[in-house]
Amino acid sequence: MNTQELTMEQAQQVLHKYYGYPDFREGQKRIVASLLEGRDTLGIMPTGGGKSICYQVPAMLLPGMTLVVSPLISLMKDQVDALTTAGIPAAYINSTLTGKEVNDRIRAARRGELKLLYVAPERLELDWFRLEMAELPLACVAVDEAHCVSQWGHDFRTSYLAVSPFVEELPNRPILAAFTATATPEVMEDMTRLLRLRDPGVFVTGLGRDNLAMSVLRGENKKDFVLQYAAAHGHEPGIVYAATRKEVDDLYQRLRSAGFAAGRYHAGMSDEERAESQEAFLYDDIRVMVATNAFGMGIDKSNVRFVIHYNMPKNMEAYVQEAGRAGRDGEPSECILLFSAQDIMTQKFLIEQNPQDSERKANDYRKLQQMIDYCYTTRCLRSAMLDYFGEAHEDKPCGICSSCTDDRELIDITVDAQKIFSCIHRMRERFGIALVASVLKGSRSQKVLQYGFDKLPTHGAMSGRTEKEITEIVNVLISEGYLALSEGQYPVVRLQQPAAEVLRGQREVLQRAARASRTGGSSRD
Ligand code: ADP
Ligand code: ZN
């Protein structure tokens, strides 16, 4: 037996002894092995995938202490309490402690009594702390939520940039382990570069947990949907994410008055109210939590049965992170995204509101478009998601997402697609979706007349449909790659290669028949 096998055996023993689990999960095994080999490691796992064990188990075996960099001061205590209860010597140092408490813990570290020490990234910038750490045998630095180092990610934190200088300054460089649930190529590249990982083992796992049934529903009456869903599932724990405080308050009131054990959480509430609300949810006193995206980072509740997005999030990273709070225990759970065209306007508005340079803005628009594409795709949603994050997967539909279970017939929309492509071509690919739709509809609006588009042969070519329907078809054609939108606030629709094949009659375009609204209500929201 070689040493690595032996060590994995030891890791297994630590897992039994301290955690009582029979086995590592597949992704954990590879990450633990990589760390035990002494290799820098980048672990990408969905929330709830079991990241903590990936560095905690090696921490017990590696000679010296593991320093855990975590952005969530509020969670450190819980994590450390859980470890100590399990018999693992751990502590945290953060701003909630007195000077004496900090000193005690530093002394314990010096005496070699700690296997794990948790700190926030800001602490790495303090000279005295750096000097203390330089005196210790540090075996490993584990960076949690490592995507925070990247400006491409969705929650960049400057203090994460302190990690690499801190590590490089140590007399003996420890192993560096970085963990996140965010796996876009840009963010992965940034984590490797900005944390200065050396030839890291990179392990992407489990984004598409097969207990999660993903759905995108377009054109629902959202309020009715949530109330009816709660009526059917509201006895189970679930989260409804809404974009604004106002919407959270409104939905919360409706659910309360309909008699549901609903709670709410947003940044407009006091710290105390929020803590109370979160607690009540953790202990199942609140079943349906209505919240903005301020809720959930680091919440360890394994039996969340559904996550409903009342609005489309700004990008796939945010979506997967939030939706991934469902079903951490592996039981069947639902992730439902309620999409309306208004969501696109809202997200564009937010991008415009956000003061940032043009490169980042363009990046935000690109990510938004990928999110929109996900909402319109007729492909298996899980495959679409895994492709987005570059995770290898079988080329096989999941069978449980809203695309896979969609039994509406596929209708041939080749002729409509040809009309749309030809109209865009005649408008010289210089306008947005709205104007294309109104020309096809046959509108005589001032703008249409001003450009002389009423003279185009395609003017009114789809007069039998509403502009909204035309817009929907255009969006489907975008998500299927026939059309593309330019970047920026006022994107222009352009033809892509496959559109040319459709125009030449070499390719047909299929779409699902329109869905009768599940709730029977109007499709406005
Ligand atoms: P993350 O940090 O990735 O969000 P955690 O480390 O908090 O995830 O783990 C999520 C849940 O999965 C926890 O309840 C944890 O105890 C459980 N878990 C982790 N690894 C295993 C395992 N090998 N076997 C069984 N349960 C596990
Ligand atoms: Zn599917």
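Gln 79 sits in helix 4 (helices, H or I and at least four residues, and strands, E and at least two, are DSSP runs numbered from the N terminus). The model is a predicted one, so local features need pLDDT of at least 70 and side-chain atom pairs count only at pLDDT 80 or more, while totals for chains, interfaces and linings use all residues. Residues are numbered from 1 along each chain as its sequence is written, with chains lettered from A and ligands numbered from 1 in the order in which they are written.

Gln 79 counts as buried because 21 other C-beta atoms lie within 10 Å (buried means 20 or more other C-beta atoms within 10 Å of the residue's own, exposed 12 or fewer, partly exposed in between, with C-beta atoms placed from the backbone). Tyr 118 is 39 residues from Gln 79 in sequence, yet the two C-alpha atoms are 9.0 Å apart. Helix 4 itself, residues 73–85, lies across strand 3 and strand 4 and runs at about 165 degrees to strand 3. Such angles run from 0 to 180 degrees between N-to-C directions, with axes being lines fitted to C-alpha atoms, for helices over the stretch in contact; contact means C-beta atoms, placed from the backbone, within 7 Å.

Now for the sheet: it is open, with 7 strands in the order 3-4-2-5-6-1-7 and parallel pairing (two strands pair if DSSP finds at least two bridges between them). Strand 3 (90–93) and strand 7 (201–204) are the edges, each pairing on one side only. From one strand to the next, the twist averages 15 degrees. Helix 3 packs on this sheet, touching strands 1, 2, 4, 5 and 6, and its direction makes about 175 degrees with that of strand 5.

Strand 5 (residues 138–143) is joined to strand 2 (residues 65–69) by 5 bridges, and Cys 140 of strand 5 stands opposite Thr 66.

As for ligand 1, Tyr 21, Gly 49, Gly 50, Lys 51 and Ser 52 come nearest among the 15 residues around it (near means a C-beta atom, placed from the backbone, within 6 Å). Helix 3 (residues 51–61) gives the most to this shell, with 3 residues.

Conventions:
Contact = placed C-beta atoms within 7 Å.
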